[in-house]
Amino acid sequence: MTTRAIQLQSRSRRRPKRHRPGLRRSIVSVVCLLTALSGCTAQAAPENSSSRGDAPAGQSSVAPARQGRPAASQRIEFIPERLTLPGHATAGVLPAVTVDGVLRVPEDVEHVGWWDGSARVGEPFGSTVIAGHVDSATEGIGFFARLLKIKAGDTITLRADSHQLKYRVTSVRTVAKKALATDSQAFRQTGPHRLVLITCTGNFHRDRGGYDSNLVVVGKPLGVAR
Amino acid sequence: MITKRAARWVKLALLAAGVLALAGVTISPSYAANDTEIYIVQGLPGKDLDVAIDGESVAKDVKTAAVAGPFKVKPGSRMVTFSENGTTVLENTFSIKEGSKADIVAHLPASSSGDPLVTVYKYDAVKVPKGKAQLVVSHVAAVPPADIRVNDQVLFANIANGESLQLVVPVATYKVSIVPTGETKPVFFGPVSLTVKGGAINRVYAVGDPEKKTMNVAVHVITASTTGSGKPSEVNTGTGGQAVGDGPSLAVNLVR
């Protein structure tokens with residue numbers, strides 16, 4: 001399930017579900033038919049054959065219980081879909097999965113990847129981690145080559161649907177690739193919420209087909225997600 | 001929308017049929033498909049309550065701050081009765097949709113001079129990020145709108161009786177206290193240590209009355225399926241060398 005924002009969820013929860021008894025009944029009969037064919041002795045009991053009716057007698061005079069509801073201060077948390085760097089440069093953000101210890105960022109260098117094990121935007125704790133190509137042998141310069149120019153104090157915006165949260169860059173560091181997970185704490189999911197952008201930098205080793213370092217940009221949220 | 005849903009139903013039906021065929025055992029499909037469930041949260045201080053759904057007893061002597069269940073119910077309009085020693089304390093109807101879950105809470109109103117009431121908190125079976133917990137706090141105590149301070153910060157702000165707030169938090173033990181909205185005292189409750197369970201929905205209910213020293217929490221933990229992949233050890237995001245002017249195809253360095 002794609003949890004976009006809790007507020008949206010709770011809104012959709014209030015929407016009445018459409019009932020299509022005809023379809024459901026026909027599916028029940030399909031199941032019955034198949035189970036009969038399979039030779040098992042399942043007792044097909046459609047929903048409406050229960051001893052309990054939909055509204056038991058004597059209920060009409062009883063008042064309905066109060067409905068619990070979200071407080072107005074419910075925090076918005078969302079999976080980022082768009083990232084905007086200074087100068088209005090915007091890239092699409094796709095979920096990125098870790099496979100065998102390697103974060104699989106989008107092949108398309110104009111997209112960046114949100115590590116799906118990291119914090120959603122607006123959570124109170126943990127890093128929201130987004131990584132993207134600085135360049136690629138097949139596609140050339142990547143969107144995150146722009147990070148080579150970013151500096152402390154710059155603003156980065158993450159958005160999804162109508163929600164957004166801005167971050168102020170607090171540090172830009174070059175970290176040896178092997179030390180990324182250990183020394184930089186880039187992937188830390190405890191502590192105050194922050195944004196961590198990762199790309200490659202340092203010396204390019206043509207023989208190894210890659211760079212020897214990662215560039216790690218850290219940003220602090222400006223307020224809460226809206 | 002409708003065709004998508006229909007397709008899902010057909011898929012489900014085929015899957016169910018397949019499972020039944022493979023299993024070759026006697027089961028009742030209507031029961032197997034029924035995941036409409038309720039839990040009872042007993043938030044009334046000093047009472048051991050018996051609980052009935054549609055007149056049928058489901059739990060006896062449920063103590064203050066205890067959670068009982070799950071109880072499978074038929075979707076639709078149901079009736080819950082809380083009684084003590086054969087006398088009805090509370091009786092209300094509630095509606096529940098197929099596949100939904102709800103906590104049915106008997107509790108005090110915001111003002112301790114008012115009558116107890118039943119509040120129904122409905123929720124879905126959401127996925128929880130790996131190594132984290134979904135924390136849902138609900139205010140069902142005899143206190144005015146409150147802030148819930150976690151590790152000395154307001155994490156849940158201005159929450160009134162009958163309301164709830166939710167967050168995803170790392171697995172840890174938190175110091176929790178309840179204070180009036182925007183204030184730091186009087187402390188209605190706490191501080192207490194609360195350890196959240198990872199990969200689960202942790203539903204926490206603040207119950208009781210601080211004036212009678214009956215404040216407490218009822219905690220309902222529901223194991224959830226998790227989402228998200230593990231922590232990476234490597235991020236390789238440059239294979240061309242163009243960004244440092246060492247590329248095979250592009251000699252143009254756009255950024256420097």
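Modeller: Two strands pair if DSSP finds at least two bridges between them. Keep that rule at hand, and remember that this is a predicted model.

Colleague: Happy to. What makes β1 and β7 of chain B partners, then?

Modeller: Seven bridges join β1 (residues 37-43) to β7 (residues 101-107) in chain B. At least two are needed, so the strands count as a pair. They run parallel, and V41(B) stands opposite V105(B) of β7(B).

Colleague: Which sheet holds this pair, and in what order do its strands come?

Modeller: An open sheet of five strands, with the order β1(A)-β8(B)-β7(B)-β1(B)-β4(B) and mixed pairing.

Colleague: Why are β1 of chain A and β4 of chain B described as edges?

Modeller: Each has a single partner strand, so one side of each is left without a neighbour in the sheet.

Colleague: Now chain A. Why is H88(A) called exposed?

Modeller: H88(A) has 7 C-beta neighbours inside 10 Å. The cut-off for exposed is 12 or fewer, so H88(A) qualifies. This residue sits in the loop between β3 and β4 of chain A and has a positive phi of about 65°, although it is not a glycine.

Colleague: And how do you know whether D161(A) is buried or exposed?

Modeller: By counting again: D161(A) has 11 C-beta neighbours inside 10 Å, so it counts as exposed. D161(A) lies in the loop between β10 and β11 of chain A, with a positive phi of about 50°.

Colleague: What makes the bond between K185(B) and P186(B) cis?

Modeller: Its omega is about 0°. P186(B) belongs to the loop between β14 and β15 of chain B.

Notes. Residues numbered from 1 in each chain as written. Chains lettered and ligands numbered in written order. Predicted model: local features only at pLDDT ≥ 70, side-chain atom pairs only at ≥ 80, totals over all residues. Helix = DSSP H or I, 4+ residues; strand = E, 2+ residues; numbered from the N terminus. Buried ≥ 20, exposed ≤ 12 C-beta atoms within 10 Å, placed from the backbone.
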